[in-house]
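Me: Hi! Could you walk me through a few spots in this structure with me?

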Amino acid sequence: MDEVINLNVGGRIYTTSRSTLTRYPDSMLGAMFSGRIQSTRDLEGNYVIDGDGPLFRFVLNFLRRSVLTLPEDFKELDMLAAEADFYQIQEFIDAVTQAKEKVIAVKEEQKQQLAAIIEYEFLEVEFECAYGQWIIFSTSDVLQHIPAVKATFKDSHNFKNRLNRVEEYGLILPRDKPVNRVNLFREITTLGFTLHCTSSSGGDERSTDRWVFTREVKPPPPTSASGSSTTL
């Protein structure tokens, strides 16, 4: 009849059989419970193993089934690898190594999937027909690179003062100077934007016409050894 063994692993008590513990004879547990190395018992007669108590359940389950089964959200593979080395169960060491490689592969795949996601920047142009009013929504950096926009302001100081919160409220162009729509759209596309969609609301002289442009956001340039980056 197979002998029942009680273990005290890091303060946690486990019950198993001698045949389970000696399934892999060349392991530390195989040597310990075949009498090849000395063992120690606590006051209750449990065999003492100075290992990680909670993690030992994965070791014991592997001894029982020869399969490593881990929860989906398991985060302690490095610690489990250290326990595998401690118990010197080669098959268990190999299984943990494969599990770690699988996690690394999944993370790399997720990283590649994220890198493949294209991020876009938007620029919106509105024209309120009733008032002859042009409004442009974009970042201040983009607007400063559109000459047709800057040309509608009397001076650069006045232009820069209007660039606060333009992404939320838009840059309202002065009405006393006409906007060359062809030049405006040409300069927008020169910055890498393409026309994404158009719309018109109102349907009469009070309508508001809209043009939405998009461009792909480029990844940040590599940082030089000095810690600075160069923007083209």
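**A buried threonine**

Reply: Happy to. Thr16 is buried, with a relative accessible area of 8%. Keep in mind that this is a predicted model.

Me: Which strand is Thr16 found in?

Reply: Thr16 belongs to strand S2, which covers residues 12-17.

Me: And what is Thr16 in contact with, leaving aside its neighbours within four places in sequence?

Reply: With those neighbours set aside, Thr16 is in contact with Glu3, Val4, Ile5, Leu7, Leu21, Leu60 and Arg64.

Me: Let's move to helix H3. Which of its residues are buried?

Reply: H3 spans residues 56-65, and Phe56, Phe58, Val59, Leu60, Phe62 and Leu63 are buried there. Leu60 is also one of the contacts of Thr16.

Me: Nice. What covers the buried residues of H3?

Reply: The cover includes strands S1 (4-9) and S2, together with helices H1 (18-21), H2 (28-32), H4 (77-87) and H5 (90-116).

Me: What follows H3?

Reply: Ser66 does, and its phi is positive, near 60°.

Me: Switching topic: what is the strand order in the open sheet?

Reply: The order is S6-S5-S4-S8-S7, 5 strands with antiparallel pairing. Strand S6 (171-172) and strand S7 (194-201) each have a single partner strand, so one side of each has no neighbour in the sheet.

Me: How many bridges join S4 to S8?

Reply: There are 9 bridges between S4 (residues 120-128) and S8 (residues 208-216), and the two strands run antiparallel.

Me: Which residue in S8 is the bridge partner of Tyr120?

Reply: That would be Glu216.

Terms used:
Residues numbered from 1 in each chain as written. Predicted model: local features only at pLDDT ≥ 70, side-chain atom pairs only at ≥ 80, totals over all residues. Heavy atoms only, no water. Helix = DSSP H or I, 4+ residues; strand = E, 2+ residues; numbered from the N terminus. Buried < 20%, exposed > 50% of the residue type's maximum accessible area, 1.4 Å probe, protein only. Contact = heavy atoms within 4.5 Å. Pairing = 2+ DSSP bridges.
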